[in-house]
Amino acid sequence: MTKQSITAIVLTYNEEIHLERCLQSLNKVCERIVVVDSFSTDNTLEIARSNGAEFFQNTWVNYAVQFNWALDNLKVNTDWVLRLDADEYLSEYLLKELKNNLSEVKNDVNGITFPLRRVFLNREIKFGTGNIRLLRMFRTGKGRSENRWMDEHINLLEGKITEFQGSFSDDNLNNLSWWTQKHIGYAIREAIDLLDIELSLLSKSKKETLDTQALQKRNLKHKYVKQPLFLRAFIYFLYRYIFKLGFLEGKEGFLWHFLQGWWYRTLVDAKVYEIKKVCGDDVHKIKAHLKEHYQIEL
């Protein structure tokens, strides 16, 4: 398959279980592949180099900081940048679409969204969260990650957004123990994001161009923040599992929607409750608390 003028950026930390699958997918279409690592202790380095990827290391702060560091330091000279996580890969249809249609994208279009195919415990999850599209590709110099601690999207600096129909898959191969531990770590980041929406902890870019679905999701999150702690997590689970037909996905669907839609959201609310019980709505106290107890400096 002909390589396109694309630089793929993959952020990693101990991703030996996924990385080769991801890179083999990208190698079919990307002119340049760069792995930006957070000092992995497994075979991530060896796998990256054996699959033709360039390898850089930078200390992890959060996804947004790491991705923007990559944009600022990699000297990208291809036409396009593609963001992909190590546990993700491109479908054959999307690979063909990138090969055949990328050169036909109009000059005033600077961003491209792809449908997300989510896999959990080897089952594709089709019901419960709707059809998700994410902006994962943009013209070089025309996009950056939002300054957020969780649920960050690509902020297009200018231009229009178009859609490709080929999907990419989010298919994590780790077990449930790993998954739950990972989400325990995510919970404080998500709590910061919710507190930021409510209390404006972080500075924001004045100019934002998000894709339509990202804007809709952000608006829903702003409404979610205004709902009562803990009750909102339960209602969100019912919405996904009952009204959005998540129950049709069998046991895997129940575990996905329960763990990701209720258990995790309740854990996030517990973090918010814990922080506000100590700090109230005082932004300075919250920042000091996060620095002291979580080593997070905002």
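At what angle do the axes of helix H5 (residues 176–199) and helix H8 (residues 250–279) cross? They cross at roughly 50° and come within 8 Å of each other. This is a predicted model, in which local features need pLDDT of at least 70 and side-chain atom pairs count only at pLDDT 80 or more, while totals for chains, interfaces and linings use all residues. Residues are numbered from 1 along each chain as its sequence is written, and side-chain values use heavy atoms, with hydrogens and water left out.

**Helices H5 and H8**
- The residues of the contact between H5 and H8 divide into 17 nonpolar, three polar and six charged.

**Helix H9**
- Helix H9 (residues 283–294) has twelve residues and reaches 16 Å from its first C-alpha to its last, close to the 16 Å expected at 1.5 Å a residue.
- Its buried residues (under 20% relative accessible area) are Ile286, His289 and Leu290, and because they fall within an arc of 100° seen down the axis of H9, they line one face of the helix.
- On the other side of H9, His284 and Glu292 are exposed, a term that stands for over 50% relative accessible area, with partly exposed in between (1.4 Å probe, protein chains only).

- Leu121, in the loop between strand E6 (109–120) and strand E7 (123–124), has a phi near 50° and is partly exposed, with a relative accessible area of 37%.
- Ser200, in the loop between H5 and helix H6 (212–225), has a positive phi of about 60° and is exposed, at 53% relative accessible area.

Terms used. Axes fitted to C-alpha atoms, helices over the stretch in contact; angles between N-to-C directions. Helix = DSSP H or I, 4+ residues; strand = E, 2+ residues; numbered from the N terminus. Nonpolar A, V, L, I, M, F, W, Y, C, P; charged D, E, K, R; others polar. Expected span 1.5 Å × (residues − 1). Arc of directions from axis to C-beta.
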